[in-house]
Amino acid sequence: TMSTGGFVLMQPRGKLTGHHQICLLRKGRERFELVCNPGTVGRFRDGEIQIDAVLISDVIFKNYSKTERATDVQIHEAFGDMPLPEILREILLRGEIELTTAERRVLVDEKRRQILTHIHKYYTDQQGLPHPITRLESALEGVRFIIDPFVPAERQALDLVELFKGTLILKKSEMEGSLSIPHAFLGAAQGIIRKWAEIKREQYTAEACVMEVGIIPGNYESFMSDLQRVTHGEHTFELAGHRAAAPPPPEEHKAKKGAKKGRR
């Protein structure tokens, strides 16, 4: 066994058996490979797990399929006097992860969902309402954007927002508004309000509790739907600057034909 900065890993004498994944970093003409537990490198890069949960071995290979290890000279020429734990981290953070076509497709699809969900939650349109996921998907099809399954969704969302400029109006903001709940429904609504919104100020009148609240754009529809359910429409909610519309259908921010106007 060998210690690498606080954790102990097995040094294989030959090729490992069982499921594993290779992380490959090229430096100049040399290649350096680490043998990892499947599906862990991306989680390590996202800060979800520590390095000891990623590596099956701390041996640095030149070509794992041939059980050819990188020599001390090759490692020193590429990384200098960097300590072994730092070399391992650099390979994991900057290296390529070998995936089958099916594995990559699954990871890319999941990362796409995370990126679009992030934009949906934290950005609004010109009316101050979140863009529906279907609209974001259509916009994504119109730009050239390569999704990296191993880069955090939040970082890639920032790049995608830049590409969307000129196609969509995207304002990163918190929705603020005034919410009035009649006393008869206040008890039932309190849990919903605290779940979806941040209460900034509140005051009580003879008829209702009036609160100034802030909402993440992507939580707006769920917030309105839950309030409708417990108050039966007997509440008012006005976005700063104008009265809020009813929650939009998935495609557009328009009230459904024949739907109740409500008092939102």
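## Briefing: the largest pocket and a helix pair

Helix 1 (41–45) and helix 4 (101–122) each contribute at least two residues to the lining of the largest pocket. The structure is a predicted model, and the mean pLDDT of its chain is 83.

**The largest pocket**

- The space in the largest pocket amounts to about 360 Å³.
- A total of 21 residues line this pocket, and those closest to its centre are Gly39, Thr40, Gly42, Leu107 and Phe150.
- Helix 4 gives the most to the lining, supplying five residues.
- By residue class, the lining comprises seven nonpolar, seven polar and seven charged residues.

**Helix 7 and helix 8**

- The axes of helix 7 (residues 183–196) and helix 8 (residues 220–231) come within 9 Å and cross at roughly 170°.
- Angles over 145 degrees count as roughly antiparallel, and helix 7 and helix 8 are therefore roughly antiparallel to each other.
- On the side of helix 7, the contact involves Phe185, Ala188, Ala189, Ile192, Ile193 and Trp196.
- Helix 8 meets these with Ser222, Phe223, Asp226, Leu227, Arg229, Val230 and Thr231.
- The residues of this contact comprise nine nonpolar, two polar and two charged.

**Confidence in the prediction**

- Of the residues in the chain, 84% reach a pLDDT of 70 or more.
- Residues 1–17 have pLDDT under 50, and the model gives this stretch 42 contacts beyond four places in sequence.
- Residues 243–264 also have pLDDT below 50, with 43 contacts in the model beyond near neighbours in sequence.
- Where pLDDT is low, predicted coordinates should not be read in detail.

Notes
Residues are numbered from 1 along each chain as its sequence is written. This is a predicted model: local features need pLDDT of at least 70, side-chain atom pairs count only at pLDDT 80 or more; totals for chains, interfaces and linings use all residues. Side-chain values use heavy atoms; hydrogens and water are left out. Axes are lines fitted to C-alpha atoms, for helices over the stretch in contact, and angles run from 0 to 180 degrees between N-to-C directions. Helices (H or I, at least four residues) and strands (E, at least two) are DSSP runs, numbered from the N terminus. Angles under 35 degrees count as roughly parallel, over 145 as roughly antiparallel, 65 to 115 as roughly perpendicular and the rest as oblique. Contact means heavy atoms within 4.5 Å. Ala, Val, Leu, Ile, Met, Phe, Trp, Tyr, Cys and Pro count as nonpolar, Asp, Glu, Lys and Arg as charged, and the others, Gly among them, as polar. pLDDT is the predictor's confidence in each residue, from 0 to 100. On a 1 Å grid over the protein atoms alone, a cavity is a set of points where a 1.4 Å probe fits but cannot get out, and a pocket is an open set with protein on both sides within 12 Å along at least five of seven lines; lining residues have an atom within 4 Å of a point. Grid points are joined across faces, edges and corners, and a volume is the space filled by probe spheres set on the points.
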